Amino acid sequence: MVKERARILVVGGGYVGMYTALRLQRKLKRELGRGEAEITVVTPDPYMTYQPFLPEAAAGAISPRHVVVPLRRVLDRCRIVIGEATAVDHARRTATVTTLATDEEGGTGQQLAYDHLVLAPGSVSRTLPVPGLAEYAIGFKTVEEAIGLRNHVLEQMDIASSTRDPALRDAALTFVFVGGGYAGVEALGELEDMARYATRYYHNLRPEDMKWVLVEASRRILPEVGEEMGRYTVTELRRRNIDVRLETRLDSCADRVAVLSDGSRFPTRTVVWTAGVKPHPVLAATDLPRNERGRLRCTPELAVEGTTHAWAAGDAAAVPDVAAREEGKECAPNAQHALRQARTLGDNIVHSLRGEPLETYSHAYAGSVASLGLHKGVAHVYGRKLKGYPAWFMHRTYHLSRVPTFNRKARVAAEWTLAGLFKREIVSLGSLEHPRAEFELAAGGKPSPNPPHNPKGSS
C-alpha cells in the first residue's frame, strides 16, 4: 500500500521513460485501479524508437514500423501526453509542457503538477559550428532520419545514373559520415552494403564508382569494442574500399563540399552527422543539480542528488558506476545501462511510495556488439572477441532479445527470415517526405520548394 496518493510524471518516452512507466504500471496495478496513483508520460512522439535497429531500417532489412513501439498500446494504464517539457520547477512540483495544440490555442504551455518526477528526456545530437552543417547535413537518431537517409542515398544513385555531368555524378556518389561511434559505423556499414547490392540494378553504376568516407576526430573508432576490434573494423572497412580518416575533423560542408582538417575536399551531396550527443536542453531549464557535462547529478539509487521525489536515468543522468574498479566513474550513457536502470528506477519509486529501503543500481558492463553490414560485425563480450559472421549473429540475437514486446520480436524475426529467402527490396520512397507536392501541382498550384517545417524529417 502506498502511503498517500501519488502523481508520477515521466518526462521522456525513450528507453528509460517507457521501461520505467511499464515497471510502474505493473508494480502499482492495484493502486492505479483504486485511483491512489496516476502515471503521466510526456513525450514528443507516440512511440519509443529502438535505436540499435535504425541502421538495419535504413538498409531496408527491417520495416520502419517494427523499429518503434507504440506507447499507448504498451502503457495502457498511463496517461500519454504528446508534447515537450520546456521547464521544470521541482520546488513547486510543476512542469511546463507544450503540446501539439499549444500553438493552435495561442498559449505558452500547460502546467502539470506532480508528486514524483522521472526525468528521462534522453539526448540530442551534439553539433559544432561547422559552416553548412545545418543546411546540408542529416542526423541519425530518429527513424524518420534513417528512412530519409535511405531514400536520399538511392535518390543520389538515380541522379548519378541519369546525368552526363561528371562533377554532378561524382558528388552524388560521394557519401561522407562524420563520427566513428556506433551510429556512424553501423549506418555506414549497412548503407554501403545496401548501395553495393543496389548497383546490380543500374546499368551504368558499379560499386567502385561510389566513394564512402568515414571521418573521426580521435585516433580510433568503436572504442566500446576495444582497441583490437577497433583496428579490425578499420581494416575491414578499408578492405571494402571505404576511406577511413582518423584524427580528422570536418571543417566545412558549405556549398556541398566537405572540407576536412587534413586538407581533403570532397564535393558531396550527402553528409551524415553522428559525432556524439549531448544532454537534452530541458535539463538546463530545471532547478535540479547538474554536473560539468550538463547531466543530472544522481545517487546510486537513481535519485537526483540533494532532492526528494526527483529521479533520473539514462543519457540525462550522471549515475555512479558502483560496479567499476575506478572510483568516481559514471555509467556510460548507452542502451545497456538505460534498460537496466529503468527497472531499478521503477522499483525504487515504488519502494519510496511504500516507505521501503531503496535498491542500489549496479551492473557490470557485459561488452558491446556492432554490425558492419550483412553477415559482418565485431563484438567484445565478457572478454571474448568475435568478428565476421559470429559477431553479426550475436549482434542480431542480442538486440532481438532486447527489443520490447513479443509482437516486435516476432515481426523482426519474421522479416529477417524472409530476407534470407528473397532478394532485397531496393526502392526509394522520397516522395513520402513531401506528400502534398503532386496534389498541389494537380490543383493548379506550385509545389513549395521548402516543405513544411518538420524538425524530425530529413533534409
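Buried means under 20% relative accessible area, exposed means over 50%, and partly exposed lies in between (1.4 Å probe, protein chains only). Tyr197 is buried, at 14% relative accessible area. Tyr201 is partly exposed, at 47%.

## Basis

This is a predicted model: local features need pLDDT of at least 70, side-chain atom pairs count only at pLDDT 80 or more, and totals for chains, interfaces and linings use all residues. Residues are numbered from 1 along each chain as its sequence is written, and side-chain values use heavy atoms, with hydrogens and water left out.

## Aromatic pairs

Rings of Phe, Tyr and Trp (its six-membered ring) pair if their centres lie within 6.5 Å; planes under 30 degrees apart count as stacked, over 60 as edge-to-face and the rest as tilted. This rule gives eight aromatic pairs. Tyr197 and Tyr201 form an edge-to-face pair, because their ring centres are 6.0 Å apart and their planes stand at 65°.

Ring pairs also join Tyr15, Tyr50, Phe53 and Trp416 in a cluster.

## Glu359 in its loop

Glu359 sits in the loop between α11 (335-353) and β22 (367-371). Helices (H or I, at least four residues) and strands (E, at least two) are DSSP runs, numbered from the N terminus. Glu359 is partly exposed, with 32% relative accessible area.

Contact means heavy atoms within 4.5 Å. Leaving out residues up to four places away in sequence, Glu359 touches Pro300, Glu301, Thr344, Asp347, Asn348 and His351. Asn348 is 11 residues from Glu359 along the chain, and their C-alpha atoms are 6.3 Å apart.
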